[in-house]
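Subject: Structure handover

Hello,

Here is the structure I promised to pass on. My notes follow below it.

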Amino acid sequence: MPDAPVIGIVDDDSSMREALLGLVQSLGCRAVAFASAEHFLAAAEPAALACLILDVRMPGLDGIALQALLRDRGHRLPILFMTSYVDARTRARALEGGAIGFLGKPVDDDALIACLRGALAAQEV
């Protein structure tokens, strides 16, 4: 799978990270997971990622702030947000910031897969 797209996962919930790793790998992609936005910033290479699955609410830097920071640094990778706390204001901020999707937890696997496939297909064009 060396040429498979790499999907980043940032979520403070270890069981969610593990479930997403398995789902992403079942799609033939590689996945790298991080327990926080800070860990992501310290260890990830955003330019090497095909897409980022990002939790909204996390201790420390939250997902919306990470999205803004990446955008300010010139990274335009597709971001798919997930959250247990769906509210219209946060959803609007994420989408205005360029998110490709905003899903509530528990995540509908079919919706997540559709968003990921859309993001990957857009990069192939």
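Helices (H or I, at least four residues) and strands (E, at least two) are DSSP runs, numbered from the N terminus. On that basis the protein has 5 helices and 5 strands. Along the sequence they follow the pattern β-α-β-α-β-α-β-α-β-α.

Two points on the source. This is a predicted model, where local features need pLDDT of at least 70, side-chain atom pairs count only at pLDDT 80 or more, and totals for chains, interfaces and linings use all residues. Residues are numbered from 1 along each chain as its sequence is written, and side-chain values use heavy atoms, with hydrogens and water left out.

Overall shape

The C-alpha trace spans about 35 × 30 × 30 Å along its principal axes. Of the 125 residues, 46% count as buried (under 20% relative accessible area; exposed is over 50%, partly exposed in between; 1.4 Å probe, protein chains only). Contact means heavy atoms within 4.5 Å. Among contacts between residues at least 6 apart in sequence, 61% join residues at least 24 apart.

Aromatic pairs

Rings of Phe, Tyr and Trp (its six-membered ring) pair if their centres lie within 6.5 Å; planes under 30 degrees apart are stacked, over 60 edge-to-face, the rest tilted. The count is 2 aromatic pairs. Phe34 and Phe40 have ring centres 5.3 Å apart and planes at 90 degrees, so this pair is edge-to-face. Both Phe34 and Phe40 are buried.

Phe81 and Phe102 form a tilted pair, at 6.3 Å centre to centre and 40 degrees between the planes. Phe81 lies in strand β4 and Phe102 in strand β5 (residues 101–104), so the pair ties together parts 21 residues apart in sequence. Phe81 is buried at 0% relative accessible area. Phe102 also counts as buried, at 10%.

Around Thr83

Where is Thr83? Thr83 is placed in strand β4 (residues 79–83). Thr83 is buried, with a relative accessible area of 1%. Its side chain reaches the backbone nitrogen of Tyr85 at 3.0 Å. Beyond neighbours within four places in sequence, Thr83 is in contact with Asp55, Val56, Phe102, Leu103, Gly104 and Lys105.

The charged end of Arg57 sits over the Tyr85 ring, 4.2 Å from its centre. The rule for a charge over a ring: NZ of Lys or CZ of Arg within 6 Å of the ring centre and within 35 degrees of the ring normal.

Best wishes

Conventions: A polar contact is a pair of N or O atoms within 3.5 Å; within protein, one must be able to donate a hydrogen and the other to accept it, and residues adjacent in sequence count only if both atoms are side-chain atoms.
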